[in-house]
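Thanks for coming. I will walk through one model this morning, and I would ask you to keep the structure open while I talk.

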Amino acid sequence: MGRYEDFDTVTQDALRYALAVHDAPFTKEIEQRLTASYAHLTPYKEIESVIKEMHDVKTVILSNGTDEMLKALLHNAGLTDYFDEVVSVDGIKQPKPTPAAYMNWFKTSGLRRDEVLFLSSNGWDIAGAKNFGFHAAWINRNDLPFEAFDIEPDAIYPNLNNLSEWL
């Protein structure tokens, strides 16, 4: 709609909606406890070893999450030192999958679009990155159908273990 809300606000709105749909109790304490859990998500077991294997590759997080949320999440997961850049769309107020969200990082990357392999578990994000001109690999951990039928990912993986074939 052309209106920007940060990730925390969107997540809180979605939480309130889900609680209302399921007639679940809602209090500010419940909301704060559940939204705070984003800072303590457990990384998938292969993440650290795959990132270590790609030590010669520039690794970047491009997220709709806020800077504060991403910093806390990476710190709590022990992954802060594994990424060359962490980029939030908050600075430009254009969430993925808008082309501006991908361009925000890309314009200063020093790379060509065809040199980027974009990874996501979200089909809509893969479609946006592929549409922007990146190579895109969908991490489909739950064997779901792809959401965008007119844009196909370059690769589909059940986890991150086979990414080395892109090196």
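At what angle do H5 and H6 pack, and how far apart are their axes? Before the answer, a caution: this is a predicted model. The angle between H5 and H6 is about 65°, and their axes are 9 Å apart. The crossing of these two helices is right-handed.

Now the residues that make this contact. From H5 they are Pro99, Tyr102, Met103 and Phe106, and from H6 they are Asp125, Gly128, Ala129 and Phe132. Sorted by class, the contact of H5 with H6 has 6 nonpolar, 1 polar and 1 charged residues.

Stay with H5 for a moment. Its buried residues are Ala101, Tyr102, Asn104, Trp105 and Phe106. What covers them? The cover over the buried residues of H5 includes the strands S1 (60-63), S2 (85-88) and S3 (117-120), and also H6.

The largest nonpolar core has 20 residues, and the members that touch the most other members are Leu62, Tyr102, Trp105, Phe118, Ile126 and Phe134. Helix H5 (99-106), helix H6 (123-132) and strand S4 (135-139) each supply at least two residues of this core. Another core, of 14 residues, lies apart from it; Ile61, Leu74, Ala137 and Tyr157 are among its members.

The peptide bond that joins lysine 96 and proline 97 is cis, with omega about 15°. Proline 97 sits in the loop between S2 and H5. Lysine 93 also has its place in the loop between S2 and H5. Its phi is near 55°, which is a positive value in a residue other than glycine. Is lysine 93 buried, exposed or partly exposed? Lysine 93 has a relative accessible area of 46%, so it is partly exposed.

There is another positive phi to point out, at aspartate 23, where the value is near 50° and the residue is again not glycine. Aspartate 23 belongs to the loop between H1 and H2. With a relative accessible area of 72%, aspartate 23 is exposed.

How do H1 and H2 cross? The axes of H1 (residues 7-21) and H2 (residues 28-36) come within 11 Å, and the crossing angle is roughly 125°. H1 is therefore oblique to H2. The crossing in which H1 passes H2 is right-handed. On the H1 side the contact is made by Thr11, Gln12, Leu15, Arg16 and Leu19; on the H2 side, by Lys28, Ile30, Glu31, Leu34 and Thr35. By class, the residues of this contact between H1 and H2 are 4 nonpolar, 3 polar and 3 charged.

As background for reading lists like that one, an α-helix has 3.6 residues a turn, so residues three or four places apart point the same way.

Serine 121 is in the loop between S3 and H6. Its relative accessibility is 49%, so serine 121 counts as partly exposed. Not counting residues up to four places away in sequence, serine 121 touches Trp138 and Ile139. Serine 121 and tyrosine 157 are 36 residues apart along the chain, and 9.5 Å separates their C-alpha atoms.

The other residue is aspartate 154, in the loop between S4 and strand S5 (155-157). Aspartate 154 is partly exposed, at a relative accessible area of 34%. Which residues does aspartate 154 touch, not counting those up to four places away in sequence? The list is Lys130, Phe134, His135, Ala136 and Trp166. Between aspartate 154 and phenylalanine 118 there are 36 residues in sequence, counted as a separation, and 9.8 Å in space, C-alpha to C-alpha.

Definitions and conventions: Residues numbered from 1 in each chain as written. Predicted model: local features only at pLDDT ≥ 70, side-chain atom pairs only at ≥ 80, totals over all residues. Heavy atoms only, no water. Axes fitted to C-alpha atoms, helices over the stretch in contact; angles between N-to-C directions. Helix = DSSP H or I, 4+ residues; strand = E, 2+ residues; numbered from the N terminus. Parallel < 35°, antiparallel > 145°, perpendicular 65-115°, else oblique. Left-handed = near helix turned anticlockwise from the far one by under 90°. Contact = heavy atoms within 4.5 Å. Nonpolar A, V, L, I, M, F, W, Y, C, P; charged D, E, K, R; others polar. Core = buried A, V, L, I, M, F, W, Y, C linked by side-chain atoms within 4.5 Å. Buried < 20%, exposed > 50% of the residue type's maximum accessible area, 1.4 Å probe, protein only.
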